[in-house]
Amino acid sequence: MATARNPAELTRPLITPEGVDLRIKLADAGTRASAFLLDVVIIVAAAIAVTLVVIFGLGGLGVKEAEPLFIVWIIFIFLLRNVYFIAFEAGRRAAT
């Protein structure tokens with residue numbers, strides 16, 4: 001049987017460069033896992049949407065004319081996968 005965790009265990013001290021002691025309350029594992037799964041769903045949905053746009057865009061193009069569109073698709077998928085988390089962590093409301 002799972003035991004309940006002490007709420008004090010989820011609080012961490014964070015000392016700022018100015019010497020201010022901030023008490024940070026960490027989210028539990030279930031909340032963090034569900035947030036990650038939501039992020040993955042958003043990334044996969046965006047990748048599928050872009051892929052469908054590229055596939056339908058290829059309809060009137062030949063193989064040689066489709067290369068630039070394929071390159072843009074590869075770059076977008078790369079940025080989506082690698083910059084998604086960085087963009088949210090670097091924002092004004094970043095949690096960490």
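Reader: Tyr-84 and Phe-88 sit in helix α2, so what separates them there?
Author: Tyr-84 and Phe-88 are separated by about one helical turn, because they lie 4 residues apart in helix α2, which spans residues 63–89. Helices here are DSSP runs of H or I with at least four residues, strands are runs of E with at least two, and both are numbered from the N terminus. Before we go on, please note that this is a predicted model, in which local features need pLDDT of at least 70 and side-chain atom pairs count only at pLDDT 80 or more, while totals for chains, interfaces and linings use all residues. Residues are numbered from 1 along each chain as its sequence is written, and side-chain values use heavy atoms, with hydrogens and water left out.

Reader: How many aromatic pairs are there?
Author: The count is 4 aromatic pairs, where rings of Phe, Tyr and Trp (its six-membered ring) pair if their centres lie within 6.5 Å, and planes under 30 degrees apart count as stacked, over 60 as edge-to-face and the rest as tilted. One of them joins Tyr-84 and Phe-85 edge-to-face, with 5.2 Å from centre to centre and 90° between the planes. Another is formed by Tyr-84 and Phe-88, also edge-to-face, at 5.0 Å centre to centre and 65° between the planes.

Reader: And which residues make up the aromatic cluster?
Author: Phe-36, Tyr-84, Phe-85 and Phe-88 form one aromatic cluster.

Reader: Is Tyr-84 buried or exposed?
Author: Tyr-84 counts as buried, because its relative accessibility is 13%, and buried means under 20% relative accessible area, exposed over 50% and partly exposed in between, with a 1.4 Å probe and protein chains only. Phe-85, at 29%, is partly exposed, whereas Phe-88 is exposed at 55%.

Reader: Changing topic, which residues make the nonpolar surface patch?
Author: Phe-36, Leu-37, Val-40, Val-44, Ile-48, Leu-52, Ile-55 and Phe-56 make a nonpolar surface patch of about 780 Å². Patches take residues with over 30% relative accessible area and no salt bridge, joining like charges within 9 Å and nonpolar side chains (Val, Leu, Ile, Met, Phe, Trp, Tyr) within 5 Å. Accessible areas come from the Shrake-Rupley method with a 1.4 Å probe, and for residues only the protein chains shown count as cover.

Reader: Where is Leu-37 found?
Author: Leu-37 is found in helix α1, residues 29–57, and it is exposed at 54% relative accessibility. Ile-55 also has its place in helix α1, and Ile-55 is partly exposed at 48%.

Reader: What about charges, which side chains meet in a salt bridge?
Author: The side chains of Arg-23 and Asp-21 do, at 3.4 Å from N to O, and the structure holds 1 salt bridge, meaning a side-chain nitrogen of Lys or Arg within 4 Å of a carboxyl oxygen of Asp or Glu. Arg-23 is exposed at 56%, while Asp-21 is partly exposed at 38%.

Reader: Stepping back, how many helices and strands are there?
Author: The protein has 2 helices and 2 strands, and from the N terminus on its elements run β-β-α-α. Of its 96 residues, 8% are buried. The protein exposes about 8,100 Å², of which carbon and sulfur atoms supply 71%.
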